[in-house]
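Biologist: I have this protein open on my screen. Can you walk me through it?

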Amino acid sequence: MKMKILQLPNPVLREKSKKVDVVDDNIRSVLNDMLETMYDANGVGLAAPQVGLLQRIVVIDIAAKEEEKQPLKMVNPKIVWSSEEKECGSEGCLSIPNQFAPVERSVEVHVEFLDENGTAQKLEAKGFLAVAIQHELDHLDGIIFIDHLSQLRKKMLLKRHEKALKRMALEEE
């Protein structure tokens, strides 16, 4: 079932998510609904707070459109190691549509999480997957990619977002 993606300035996006106690059918259903929502929005990642759920749940799929889907479902994910080597790349977010900015992230991370069956997993991620993991896990702590920008760049991006929201509201009338 497709879910509604919250957009800034929705305050839920700034809240810290709570740990999931048990991975049950309800959590599996949320994971599947989040994946469907992410694919429908042409995203590569989605965190539970973006759909109004303050739970530590993330879905990611960095496969290109023409490639076979490779969904990654993570419950209670935690980065346990980050490389000191950083790289700057353009990021966007489904909660601030059509706004992009360069963000510096570690090029490699190691993450521990529970899969959809509640089984503990470890993953060593590099490149784009590492960036996507860092971006989505930030959401679980109320951090949005624009928080990594200079104040000036952040202000400009938010202004563009506000104008886009106003335009959309006028189009809906």
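Modeller: Let me start with a rule. A charge sits over a ring if NZ of Lys or CZ of Arg is within 6 Å of the ring centre and within 35 degrees of the ring normal. Here the charged end of Lys 69 sits over the ring of Tyr 39, 4.7 Å from the ring centre.

Biologist: What should I know about the model and its numbering?

Modeller: This is a predicted model, where local features need pLDDT of at least 70, side-chain atom pairs count only at pLDDT 80 or more, and totals for chains, interfaces and linings use all residues. Residues are numbered from 1 along each chain as its sequence is written, and side-chain values use heavy atoms, with hydrogens and water left out.

Biologist: How many aromatic pairs are there?

Modeller: Zero aromatic pairs. The rule takes rings of Phe, Tyr and Trp (its six-membered ring) and pairs them if their centres lie within 6.5 Å; planes under 30 degrees apart count as stacked, over 60 as edge-to-face and the rest as tilted.

Biologist: Overall fold, then. How many helices and strands does the protein chain have?

Modeller: Three helices and seven strands. These are DSSP runs, numbered from the N terminus: helices are H or I with at least four residues, strands are E with at least two. From the N terminus on, the order is α-β-β-β-β-β-β-β-α-α. The radius of gyration is 16 Å, close to the 16 Å of the globule rule for 173 residues, so the chain is as compact as a globular protein of that length. That radius is taken over C-alpha atoms, and the globule rule is 2.2 Å times the number of residues to the power 0.38.

Biologist: And what box do the C-alpha atoms fill?

Modeller: Roughly 45 × 40 × 35 Å, taken along the principal axes. Buried residues make up 42% of the 173 residues. Buried means under 20% relative accessible area, exposed over 50%, partly exposed in between (1.4 Å probe, protein chains only).

Biologist: How do you define a pocket?

Modeller: We use a 1 Å grid over the protein atoms alone. A cavity is a set of points where a 1.4 Å probe fits but cannot get out; a pocket is an open set with protein on both sides within 12 Å along at least five of seven lines; lining residues have an atom within 4 Å of a point. Grid points are joined across faces, edges and corners, and a volume is the space filled by probe spheres set on the points.

Biologist: Which elements supply at least two residues of that largest lining?

Modeller: Strand E4 (86-93), strand E5 (96-106) and helix H2 (127-139). H2 gives the largest share, five residues. By class, the lining has nine nonpolar, eight polar and two charged residues. Ala, Val, Leu, Ile, Met, Phe, Trp, Tyr, Cys and Pro count as nonpolar, Asp, Glu, Lys and Arg as charged, and the others, Gly among them, as polar.

Biologist: And the second largest pocket?

Modeller: Its volume is about 250 Å³. Its lining includes Tyr 39, Asn 42, Val 44 and Lys 69. The classes there are six nonpolar, two polar and four charged.

Biologist: Back to Asn 42. Where is it, and what is its phi?

Modeller: Asn 42 is in the loop between H1 and strand E1 (45-47). Its phi is near 60 degrees, positive in a residue other than glycine. Asn 42 is exposed, at 56% relative accessible area.

Biologist: What about Asn 98?

Modeller: Asn 98 lies in strand E5. Its phi is positive too, about 65 degrees, and Asn 98 is not a glycine. It is exposed, at 67%.

Biologist: Which peptide bond is cis?

Modeller: The one from Leu 8 to Pro 9, with omega near 10 degrees. Pro 9 is in the segment before H1.

Biologist: Last one. Is Asp 40 buried or exposed, or in between?

Modeller: Asp 40 is partly exposed, at 46% relative accessibility. It lies in helix H1 (residues 25-40).
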